[in-house]
Amino acid sequence: MKIFPENVSVYGDDIDFLFWLITIVAGLATLIVLFLVIYPVLTRKKHKAKENIYVKGEGFKQLKWIYLAIFVMAVADFSFLIIESDGWIKTQETLPEKDFHVAIVGKQWLWEIIYPGPDGKLYTSDDVKKFNTMIVPQDAVIHMDLTAYDVLHSVFIPHARFKFDCLPGRKITRWVEFTKSGEYPMVCAEMCGVGHSRMVGKVVVLPQEKFEKELAKIYKK
Amino acid sequence: MNTTSLSKIAWNRIPQARFAMWTLIAGEFVIFGGLIVVYLLNRMKYPGWGEMAMHTNVVAGTINTFVLLTSSFFVVKAHEAAVKKNVEKVKFWIWLTILCALIFLGIKAYEYTHEIHLGFTLSSPALLEQGKHVETLYWALYYTMTGLHGLHVVGGALALFFVMRNVAKTKSYFHRIEAAGLYWHMVDIIWIFLFPLIYLIH
Amino acid sequence: MSTHGKPQGLEHELWVPAEDDYHGHPNYLKVYIYLLILFAITVFASLIPNPMIVFIVVFSISIIKASMVILNFMHLKWEPNIIWYMLLLALIALAFLFLGLYPDTVPIERFFVPNG
Amino acid sequence: MTMSTTHENKGFWHRFFFSLDHKDIGLQYLITTMFIAFFAGIFAMVFRIHLAFPDYHIPLFGIIDAKEYNILVTNHGLIMVLWLSMGILLATAGNYLIPTMLGTDDMAFPKLNKLSYWFFLLSVIILIISFFLPQKGFGGGWTLYPPLSVGDFGYNTPYKTFSDRFFSSNTFVLLAIALEFVALLMGGINFMVTLFNKRAKGMGLLQVPLLVWMIVIASILFMFSVGPLVAGTFMLLLDINAGTGFYDASRGGDPLLWEHLFWFFGHPEVYVILLPGLGILAEVITTNARKTLFGYKFILVLVLIATVLSLMVWAHHQFVAGVDPRAATVFGILTIIISLPFAGVILSFLATLWKSNLRLTLPMKWAMSAIVLFTILGGFTGLHLGAALFDMYAHDTSFVVAHFHYTLIPVVIFAGMAGFYHWFNKFSGRELNQFLGNLHFWLTFIFFNGFGIPLFLLGLAGQPRRYAGYDHIPYLSEGYLPLLREIATISAVILVLSQFIFIFNFIWSVYKGKKVTSNNPWQSTTLEWQTSSPPPHGNFEVYPVVYHGPYEYNRPGVDKDFLPQNQKI
């Protein structure tokens, strides 16, 4: 049975990999913890009262095992951090050369998609606004300007492993690149009122030439 | 009798009332500090606020600062008298302090009426009509900070009054003068920061 | 009869210290005069045209004044470490708050979708 | 030296409303908290049922709509986090146990203590009133993010008149929260002063039971983290009632400011809840393991480090909320670092269990399962979410919900229950029914996991939080996901219902349970066990004098396997 929805974005695999990596390492730690809890329970009868060691756990000599465990954990944690950091930088801190630019504006309770219009520039008079359905080209870097009119929203495209909040009053640009054409849900992940659970749009990923046709159709109207 | 405990005692021999008051003061610092941090950041973000700051009444603010500084001095004199268990002196200095508090509140009230008259209120719709959206936030913060501080002035003055009355009646509990005084100094310190931030930087 | 607050006759047993224990007293008048001088400097400094300089001068003087009040009028000089630690923790918390809020407040310019 | 232990004549009102005795106030907190938490549990049951069986007609509630759903979820979160957790672990445990464990007669400021309870009660009353206002309760999410929480949270339409604004659920919920903060601040000051000024004769600061330290540190941490949020709450109240624009972007405000102020409190809040839980675990584990606590000073140092660190990790709740990604990296690093001290604390507890002839009593079962669940499913999934890249996917999905339920329930319910079953016969003078206790434990343990683990899987499948139903979303209503939701729901319902066993056991044992034969049934060393159960007014006939640290079990050269703190060798 599949855990994640099918991945259709270029950086989706990094995220799935990160999850499995952490899960496996944590799983090993889990076994140790379980052993440390269950073994004393099983052997509790063996230790007569007086056999107990009276250790206060002071000084490096008695604490060395704990220090070791913390050190190992620190190493593991920071390796996770290093592994994830380049993915984080790729997805959040850098913007690759854009092929298509679109604005997603959250609004109670629908997604307003603003296409740049024939002049290819956003926020000009010839912009075209559509609701809830965003068509984008396949294998192309798409820049998304995220903002909102009224309250906080959050664009969540599970299949693309993409999520980011839309805040009123500020424009946040993030990018995504789809590797597979098809229809994918785009839901709201930030509490935005009564219609929150109905705020479901979709992303339609089309091959380049088909996308051109569709876009032309949108602009004609 | 083991020695570790005895050695530990020395450093926490501190009267309960004073200790509690210090803890409270630390908490209050964080509350006002939060407001001041918000103010500073927005001040850096919006240079337009300088123009708004010019509308505040610097003279009144200056007088108020002087009044509060003086009142702090009076309170410590009261504490000095309290250590000597001199009830009359305690009453004298505390009354002076409360007088300062009243003067402070009076001047503040005058300022408020003046500014409200100019159309600067919590939500200042007048500015909104002029299209000065960001500037309304300055006045919102101004009233929030000074208002909250004003409430603390009232609270401090009341505390001083009741403590003094109690001391005068019972001729004991002198340590409470210092505790209430600590709170009053905190009010003063907060104003020491509010005054330049709100009035002086244009 | 209930025995709330400090139990009678048990102060030395329960390590409840005497309430009006004496700590040193500075010369309050001197401190007060220093405060007034600093205050005057503050007011005159605010006449400098450049707001940035004004801010730096005025704010640093405020810190000096506040610390003078705390140390002398509030007798922090004579208080045990625990109170220093508490105030320090408060300052640390505020410093973190400032640093954490800075990148999300100051550099951000406001944006609204035109004809939205 | 002896002291007069004349009991006040305690009628109901005197005992449960006006009493100044810290034990009574502790019980008042316990009862008030259980009362309000009862409703929160019912809420959880209702909205879980609605999620799995949308057209099932729930008794008393009927078929709830989206707005009611939001209200139920919001208030469940608010009550559980702000009222239940802190009410049990800080207020109840602190009030009842700190003076008894320190071997003194009462708090430093009994009247302040009483006042703090009254504020707490007032906050609860105001919260309840908020359900009977036009909005029928606040439903903007327990994090109260503006702008949604400023206007009518359902539709973000501003209120018309002032009375609309003031007598709205938004205002009342915020007032309730503010009052509760005030109450706990008073309590915290009291705990602090009591610890430093009212210890028994001879008790050094490093001979204080760990629970007391933990509660005091938690109170101080609470005080320093909550300050900015108090200011923020004040500003939000003004936004609602006075038309200011602190969180209104069009007025130069910033919604993100509230998120920062909220989580600047909200993350330390997790540790405010966690530390007393760890303290209870320390007491229960050492007592039942018959071993001295491994690394008392070590744990204290780690906790102090974590306390300072916890003030600088809050933004990991906002990785994808619009904070600067570079800042997010820094916060991620700090988040990873802060997980280390707590790993050290848990390991010290496990080292205490090691090679012990532990007694598998009922409190011990709760305590050990608390450690296991908290570490494995709460802590390790924290590593997933601490990695900002994965958090981009998992944030605001059921994965997060499962994660924080696995951090909070082990600490609040499991550790709390460990403490409750541990100290019940001390504060009631009677014994709990063991069979019902075990039944309660096993049902809670099994069905808590039956509720939590499906939520992890649902979250990984990309199920967002706070949705009033998923059946209209194709990718969430296919495959095994509906089944998982049903399992989670049924488990949650049984989990809530099994708490009724506990309530019944509590009430029944208080009146009908058999009287305790010994004052120290667990053969524990700390001072609260060295007096009668329940302790008299003033706690001790003869004030104890302390000679040892708190956990002297199986000390060499002592014939008994435990050495009370107030007993010379």
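**Entry 1: helices H1 and H2 of chain A**

I began with helix H1 (residues 12-42) of chain A and helix H2 (residues 59-93) of chain A, whose axes lie 10 Å apart and pack at an angle of about 175°. I note that the model is a predicted one. Angles over 145 degrees count as roughly antiparallel, and I therefore recorded H1(A) and H2(A) as roughly antiparallel to each other.

I then listed the residues that meet. On the H1(A) side I found Asp14(A), Leu18(A), Leu21(A), Ile22(A) and Val25(A). On the H2(A) side they face Ala76(A), Phe80(A), Ile83(A), Glu84(A) and Gly87(A). Sorted by class, this contact has seven nonpolar, one polar and two charged residues.

**Entry 2: helices H2 and H8 of chain B**

I next looked up helix H2 (residues 16-45) and helix H8 (residues 175-200) of chain B; their axes come within 10 Å and cross at roughly 10°. That angle makes H2(B) roughly parallel to H8(B). I noted the crossing of H2(B) past H8(B) as right-handed.

From H2(B), I wrote down Ala17(B), Arg18(B), Met21(B), Trp22(B), Ile25(B), Glu28(B), Phe32(B), Ile36(B) and Tyr39(B) as the residues that make the contact. H8(B) supplies His175(B), Arg176(B), Glu178(B), Ala179(B), Leu182(B), Tyr183(B), Met186(B), Ile190(B), Phe193(B) and Leu197(B). I sorted the residues of this contact into 14 nonpolar, one polar and four charged.

**Entry 3: chain C**

I turned to the make-up of chain C and found four helices and zero strands. Along the sequence, the pattern of chain C reads α-α-α-α. I also checked burial: chain C has 116 residues, of which 22% count as buried.

**Entry 4: chain D against chain A**

Last, I examined where chain D touches chain A. I found 81 residues of chain D in contact with 73 residues of chain A. Which elements of chain D give two or more residues to this side? I listed helix H3 (66-102), helix H8 (255-289), helix H9 (296-309), helix H10 (325-353), helix H11 (362-386), helix H12 (388-394) and helix H14 (434-460) of chain D. The largest share of the side of chain D that touches chain A comes from H10(D), with 15 residues. By class, I recorded 48 nonpolar, 22 polar and eleven charged residues on this side of chain D.

Note on methods:
Residues numbered from 1 in each chain as written. Chains lettered and ligands numbered in written order. Predicted model: local features only at pLDDT ≥ 70, side-chain atom pairs only at ≥ 80, totals over all residues. Buried ≥ 20, exposed ≤ 12 C-beta atoms within 10 Å, placed from the backbone. Contact = placed C-beta atoms within 7 Å. Nonpolar A, V, L, I, M, F, W, Y, C, P; charged D, E, K, R; others polar. Axes fitted to C-alpha atoms, helices over the stretch in contact; angles between N-to-C directions. Parallel < 35°, antiparallel > 145°, perpendicular 65-115°, else oblique. Left-handed = near helix turned anticlockwise from the far one by under 90°.
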